[in-house]
Amino acid sequence: MPQLEVRDIHTSYGLSQVLFGISFDVGEGEIVSLIGRNGVGKSTTMRSVIGLTPPRAGSVTWLGQDITGMPTHRISKLGIGFVPEDRRIFPDLSVWENLDIARRPAANGAGWDEDRVFELFPDLAEIRDRRGGVLSGGQQQMLTIARSLMGNPTLLLLDEPSEGLAPLVVEAVRDRIAQLKQAGLSIVLAEQNLDFVLSLSDRLHILEKGEIKFTGTPDDLRGNEAVLEKYLTV
Amino acid sequence: MSMLTNPTIVFLQFMNSISLGMNLFIIAAGLTLIFGVLRVINFAHGVFFMFGAYVCYSVVSRMAETAGAFWLGVLAAGAALAVIAFIIERGLLHYLYDKEHLMQLLFTFAIVLIMGDLAKMIWGTDQYSVPKPEGLKGAVDFSFGADLAMPLLYPAYPLMLCVLGPVVAIGMWLVLSKTRWGRVIRAATQDREMLAALGMNVPLVYTAVFVAGSALAGIGGALAAPRVAVSPGMDVTIIVECFIIVIIGGLGSLWGSFLGALILGFVNSFGIMIFPNWELVLSYVLMLLVLLWRPWGLFGQPEADGH
């Protein structure tokens with residue numbers, strides 16, 4: 001049985017509807033990607049799952065429990081971490097304070113804490129007292145992932161982690177995500193960077209105008225010029 | 001101007017400035033804390049202050065000669081306002097966070113009117129005075145053995161306020177900067193959505209902050225009670241002063257309201273000496289100058305776009 005089941009969700013901001021029946025599953029330890037151009041509904045799908053913009057219709061089921069419409073903090077406590085597109089580091093809090101605020105020890109005691117997080121992101125250890133607001137884009141991206149890990153999630157919603165980062169930093173972020181997958185984390189990855197997605201995903205979905213237009217594996221997509229042309233070329 | 005050359009009077013006014021400022025700070029700190037986190041401008045803060053003064057009066061007048069009656073009154077005022085604030089926030093205000101600011105303003109203004117009338121029903125329209133607490137009725141000699149023409153005496157009660165203000169300020173700063181709860185509160189001022197996504201119960205943080213800030217208004221009212229006449233209308237004066245303070249210091253800034261309160265204390269105390277006819281206008285002029293020079297206040301930050 002999949003961990004996360006998103007079934008036919010319709011989500012709107014006020015009067016403007018953004019999602020028109022999105023469905024997908026995430027199994028344990030899988031990386032499932034949502035790709036597509038700007039504004040097709042990737043971020044809204046993330047926000048629907050974590051409850052920040054609850055769907056108007058359809059359902060989100062997590063570990064067999066219906067979490068549709070549940071308050072965000074409860075969804076988070078059930079083991080879903082959220083790494084938003086704009087990173088959302090608390091600018092007046094230090095790196096360590098940003099991490100501490102998200103701290104929620106794992107049930108079995110052997111989970112993520114700052115020592116393990118600093119092991120994964122050694123750069124963060126060196127700037128632990130720096131204010132979040134003065135970090136570089138790459139540092140902010142590392143910190144926002146590290147911060148989510150402090151809550152010991154089972155599933156991570158990663159929204160455009162490569163956006164706006166220098167190529168070398170993108171490589172570093174990709175390696176970390178691969179490490180997280182190896183550690184057993186399930187991940188929903190929204191991306192526009194095709195190479196990034198293809199190298200990481202188990203399965204992927206192409207979104208356009210709030211609907212899923214293509215579903216397959218990275219191999220299905222590689223060399224599929226028609227689909228790439230239609231949905232991904234800018 | 002001759003008063004300014006009299007060292008005793010200058011000394012007294014200097015101390016008065018600080019004690020008035022510190023009393024105002026304790027009240028304004030609650031207002032600025034609530035604004036910083038909830039982004040609600042709470043007009044009812046003044047009426048909370050007035051209730052605090054009345055509750056203190058009621059406790060002291062019933063316990064007359066009991067030792068520590070005044071301090072019990074201060075605690076009772078804080079507790080009463082905490083309960084009232086809890087009911088208002090959970091029962092009503094809570095539903096207005098997603099609405100436009102105007103709705104929240106109208107709501108807190110409605111609370112001002114309702115609680116103002118409620119106070120008249122409970123305590124009538126008489127003026128009450130609250131005696132200074134035992135042990136703080138006398139004066140402290142600041143001559144330090146020097147042989148002065150007139151000894152430098154300053155009453156003990158307002159002197160206590162001069163000490164209590166910084167203690168409250170440092171206590172609040174320590175909580176905000178060194179404790180996990182403080183970090184959560186600071187994060188809530190910056191990005192409530194992200195805080196929720198990290199598993200924090202943001203509505204609970206809001207309730208706690210509204211209750212704590214309102215309790216400060218109640219405590220501030222109780223502490224003011226021995227200095228002023230406890231009577232209807234005292235809420236109006238204080239809310240105006242609080243707004244001047246937080247506008248000068250910067251809405252949402254703890255040290256801003258500390259400095260703003262001190263400045264207002266000095267402007268009020270020395271203004272009345274130097275420009276007796278203009279004293280009331282001075283604080284507004286000062287506020288206008290700050291608004292023109294730094295619209296976000298001395299310690300505030302310009303409103304950022306986005307979340």
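What follows walks through a sheet, a chain contact and a helix pair in a predicted model. Residues are numbered from 1 along each chain as its sequence is written, with chains lettered from A and ligands numbered from 1 in the order in which they are written. Because the model is predicted, local features need pLDDT of at least 70 and side-chain atom pairs count only at pLDDT 80 or more, while totals for chains, interfaces and linings use all residues.

Start with the sheet in chain A. Six strands make up an open sheet with mixed pairing, running in the order β6-β7-β8-β3-β9-β10 (chain A). Strands here are DSSP E runs of at least two residues, helices are H or I runs of at least four, and both are numbered from the N terminus; two strands pair if DSSP finds at least two bridges between them. The edges belong to β6 (80-83) and β10 (211-216) of chain A, each with a single partner strand, so one side of each has no neighbour in the sheet. From one strand to the next, the twist averages 20°; angles run from 0 to 180 degrees between N-to-C directions, and axes are lines fitted to C-alpha atoms, for helices over the stretch in contact.

As for β9 (residues 203-208) of chain A, five bridges tie this strand to β10(A), and the two run antiparallel. Leu204(A), for instance, has Gly216(A) as its bridge partner in β10(A). The β9(A)-β10(A) hairpin has two residues between the strands, and Lys209(A) takes a positive phi near 45° there.

Now for the chain contact: 20 residues of chain A are in contact with 16 residues of chain B, where contact means that C-beta atoms, placed from the backbone, lie within 7 Å. On the chain A side, α2 (72-77) and α3 (95-101) are the elements giving two or more residues, and α2(A) gives the most, with four. That side divides into nine nonpolar, four polar and seven charged residues; Ala, Val, Leu, Ile, Met, Phe, Trp, Tyr, Cys and Pro count as nonpolar, Asp, Glu, Lys and Arg as charged, and the others, Gly among them, as polar.

Over in chain B, helices α9 (residues 234-249) and α10 (residues 254-274) pack at about 120°, with their axes 7 Å apart. That makes α9(B) oblique to α10(B). The residues of this contact split into eight nonpolar, four polar and one charged.

Methods: Angles under 35 degrees count as roughly parallel, over 145 as roughly antiparallel, 65 to 115 as roughly perpendicular and the rest as oblique. Two residues are in contact if their C-beta atoms, placed from the backbone, lie within 7 Å.
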